[in-house]
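User: Hi! Could you walk me through this one with me? I'd like to ask a few quick things as we go.

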Amino acid sequence: YHIIDSLGIVNEFLNRGLKVEIIDSAGVALRGYDLTNVFACDVLKVPCLAKKEVIGSKGPLKTANTKPTESDLLNVTRTQLDMMDHVIKTFDCAHSNLLKHENLTIHYANVLAKNFGGCSLNTNITEKVPYLARYKKLSQDLNQVLRMSSRT
């Protein structure tokens with residue numbers, strides 16, 4: 001599995017009978033919480049304050065190991081990033097059935113639920129299309145976005 005198909009990995013875990021918890025990092029950010037605190041408080045059930053701060057922690061957390069997110073560092077335009085985001089969201093629609101799985105807990109699912117809400121009823125193809133074919137189509141779609149945008 002490739003890192004871009006994290007929902008495919010979730011699907012495999014669920015198919016093997018495991019319980020899975022997903023944290024929608026965009027939903028966490030919308031609330032102004034720290035992702036590591038949310039993991040500690042909501043997944044590990046560490047005692048926390050109402051604002052998702054671990055009881056007994058000392059001051060703000062140190063942010064380390066972050067990647068730059070500025071589009072100019074990636075040599076792509078905002079339009080290209082938006083188009084790629086659309087392609088990836090469409091790819092993820094194949095897993096929209098996950099929301100109903102009894103062994104799945106999704107924390108702060110605002111963005112994930114919104115993305116799945118935009119999926120067509122015919123895009124839940126997890127069982128119908130082999131992973132390799134789905135990855136190939138994703139690669140082709142992303143390459144097409146880059147070629148189209150570079151011509152303008």
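This is a predicted model: local features need pLDDT of at least 70, side-chain atom pairs count only at pLDDT 80 or more; totals for chains, interfaces and linings use all residues.

User: Thanks. And which residues of α3 are buried?

Analyst: In α3, which covers residues 35–43, the buried ones are Asn37, Val38, Ala40, Cys41 and Asp42.

User: What covers them?

Analyst: The cover for the buried residues of α3 includes β1 (20–23), α2 (25–31) and β2 (104–107).

User: Switching to cysteines, how many disulfides are there in the whole structure?

Analyst: A search of the whole structure turns up 2 disulfides. One of them is formed by Cys41 and Cys48, with the sulfur atoms 2.0 Å apart. Cys93 is joined to Cys119 by a disulfide too, again with S to S at 2.0 Å.

User: So how does the pairing run if I number the bonded cysteines in sequence order?

Analyst: Numbered that way along the chain, the pairing is 1-2, 3-4.

User: Is the Cys41 and Cys48 disulfide left-handed or right-handed, and why?

Analyst: The disulfide of Cys41 and Cys48 is left-handed, because the torsion about its S-S bond is about -95°.

User: And what is the torsion for Cys93 and Cys119?

Analyst: For Cys93 and Cys119 the torsion about the S-S bond is about -85°, so this disulfide is left-handed. As for location, Cys93 sits in the loop between α5 (78–92) and β2, and Cys119 sits in the loop between α6 (110–117) and α7 (131–151), so the pair ties together parts that are 26 residues apart in sequence.

User: Buried or exposed, for Cys93 and Cys119?

Analyst: Cys93 is buried, at 6% relative accessibility. Cys119 is buried as well, with a relative accessible area of 15%.

User: Nice. Back to β1, where do the side chains point?

Analyst: The side chains alternate along β1.

User: In what sense do β1 and β2 pair?

Analyst: β1 and β2 pair in the parallel sense, over 4 bridges.

User: Last one! Which residue in β2 is the bridge partner of Ile22?

Analyst: That would be Ile106.

Notes:
Residues are numbered from 1 along each chain as its sequence is written. Side-chain values use heavy atoms; hydrogens and water are left out. Buried means under 20% relative accessible area, exposed over 50%, partly exposed in between (1.4 Å probe, protein chains only). Helices (H or I, at least four residues) and strands (E, at least two) are DSSP runs, numbered from the N terminus. Contact means heavy atoms within 4.5 Å. A disulfide is a pair of cysteine sulfur atoms within 2.5 Å. Two strands pair if DSSP finds at least two bridges between them.
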